[in-house]
Amino acid sequence: MENSEMKSFINAWISAIASFCYCYFISSSIPKGFFRLLSLLPVIFLFTTLPLSLSSFHLCGTTAFFLVWLANFKLLLLSVGRGPLSSSPPPQPLLHFICAASLPIKIIQNPHLKSDKSGRKLAFLIKALTLAALLKIYQYRQLLHPNVVLALYCCHVYISAELVLALGAAPARAIGLEIEPQFNEPYLATSLQDFWGRRWNLMVSSILRPTVYFPIRGLTARRLGPTCARPVAMLAAFAVSGLMHEVIYYYVTRVAPTWEVTWFFVLHGLCTAAEVAAKKAAGGRWRLPPAVSRPLTVGFVSVTGFWLFFPQLVRNHVDDRAIGEYSVLNEFVKEKTLQLLSLYSPKN
């Protein structure tokens with residue numbers, strides 16, 4: 001990556017951290033409601049523009065996800081006195097507020113059990129080595145069937161997302177914060193409800209529930225009754241997720257939306273709502289064994305991903321850019337490692 005790109009990335013995050021400091025003091029001086037929202041709108045607008053200064057897939061995509069989606073949704077919740085940034089007296093420390101606002105984390109307020117740090121480090125190492133193996137296989141992409149390549153991309157998305165979120169959470173862990181799991185082995189999901197609600201990217205689920213699902217469910221329950229409220233709210237949450245993915249796709253491609261990824265999430269919203277309704281109608285009397293339900297669930301997510309999630313990225317060569325950036329990073333690490341070794345090597 002060029003020095004100018006890194007400078008733009010650093011400048012974007014300096015602006016973001018300064019904005020979070022402003023939001024911290026706004027939350028303590030302006031009561032929740034319209035005027036607090038009005039005070040936060042300039043920050044929300046700023047966060048929406050910051051990724052436009054970046055061209056790197058990884059830097060731009062990560063910044064867009066952290067700021068445009070997660071941080072902006074947290075600020076909307078803060079405006080009404082809810083969400084992870086709102087706290088009852090005494091207020092949370094500024095550093096904790098910045099971590100909760102800027103990082104893909106959910107802080108455990110009263111941790112009782114210590115997390116398994118050694119197990120977490122081992123899992124991180126295994127996933128990093130798996131990603132390195134994938135990058136090596138990509139050198140022979142031209143020899144592989146396109147569907148095999150897409151299957152590899154599915155693995156890549158999961159592993160890279162988990163690694164990025166784990167790295168993003170590292171500053172919070174470094175200052176002693178205990179955070180909730182970000183993923184929960186999604187490849188073991190036994191249903192779409194299990195996959196999306198309890199295993200895949202739990203930070204998104206935790207932010208969509210209070211911003212979309214619960215408000216829509218409460219609104220539709222009063223008008224349509226509780227029976228219709230749950231599927232409508234579920235579909236709304238999936239639709240908003242699709243739209244936010246569309247926004248992130250725009251940042252990394254700078255191409256007008258084609259709505260394929262939105263339809264991916266709408267489809268999964270419809271299927272998940274139908275699945276929940278079928279479970280309720282069956283009353284737990286009929287259930288597939290995990291040996292059957294797990295491959296069916298992961299297979300359905302993968303096949304629909306081939307169809308709707310990846311085409312826009314592949315069509316705009318985002319996959320090539322992402323793999324190329326890994327190669328640049330690898331060369332950078334090699335160069336710096338050799339420089340360090342030369343400094344400490346014995347002189348003749």
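Contact means heavy atoms within 4.5 Å of each other. The structure is a predicted model, in which local features need pLDDT of at least 70, side-chain atom pairs count only at pLDDT 80 or more, and totals for chains, interfaces and linings use all residues. Residues are numbered from 1 along each chain as its sequence is written, and side-chain values use heavy atoms, with hydrogens and water left out.

**View A. Helix 1 and what covers its buried residues.** Helices are DSSP runs of H or I with at least four residues, numbered from the N terminus. Helix 1 (residues 3-29) has 27 residues, and its first and last C-alpha atoms are 39 Å apart, close to the 39 Å expected at 1.5 Å a residue. The expected span is 1.5 Å times one less than the number of residues. Buried means under 20% relative accessible area, exposed over 50%, and partly exposed in between, with a 1.4 Å probe and protein chains only. The buried residues of helix 1 are Glu5, Ala12, Trp13, Ala16, Ser19, Phe20, Cys23, Tyr24, Ile26 and Ser27. Their cover includes helix 2 (34-49), helix 3 and helix 4 (94-102).

**View B. Helix 3, with its kink at Ala71.** Helix 3 (residues 57-79) has 23 residues and spans 31 Å from first to last C-alpha, close to the expected 33 Å. A kink of about 30° is centred on Ala71; the bend at a residue is the angle between axes fitted to the seven residues ending there and the seven starting there. At the start of helix 3, a side-chain oxygen of Ser56 comes to within 3.4 Å of the backbone nitrogen of His58. Gly81, with a positive phi near 75°, follows helix 3.

**View C. The crossing of helix 3 and helix 9.** The axes of helix 3 and helix 9 (residues 226-253) come within 9 Å and cross at roughly 145°. Axes are lines fitted to C-alpha atoms, for helices over the stretch in contact, and angles run from 0 to 180 degrees between N-to-C directions. On the helix 3 side, the residues that meet helix 9 are Phe57, Cys60, Gly61, Ala64, Phe65, Val68, Trp69 and Phe73. Their counterparts in helix 9 are Val240, Ser241, Met244, His245, Val247, Ile248, Tyr251 and Val252.

**View D. Thr220 in helix 8.** Thr220 lies in helix 8 (residues 202-224) and is buried, with a relative accessible area of 11%. A polar atom of the Thr220 side chain lies 2.8 Å from the backbone oxygen of Ile216. The backbone oxygen of Arg217 is 3.3 Å from a polar atom of the Thr220 side chain. Beyond its neighbours within four places in sequence, Thr220 is in contact with Gly225, Ala229 and Val232.

**View E. Lys127 in helix 5.** Lys127, in helix 5 (residues 117-137), is buried at a relative accessible area of 15%. Leaving aside neighbours within four places in sequence, Lys127 is in contact with Tyr158, Ile159, Glu162 and Leu163.

**View F. Arg254 in the loop between helix 9 and helix 10 (260-282).** Arg254 is not a glycine, yet has a positive phi of about 55°. It counts as partly exposed, at 36% relative accessibility. Trp259 is also placed in the loop between helix 9 and helix 10. Its phi is positive too, near 70°, in a residue other than glycine. Trp259 counts as partly exposed at 42% relative accessibility.

How values were computed. Helices (H or I, at least four residues) and strands (E, at least two) are DSSP runs, numbered from the N terminus. A polar contact is a pair of N or O atoms within 3.5 Å; within protein, one must be able to donate a hydrogen and the other to accept it, and residues adjacent in sequence count only if both atoms are side-chain atoms.
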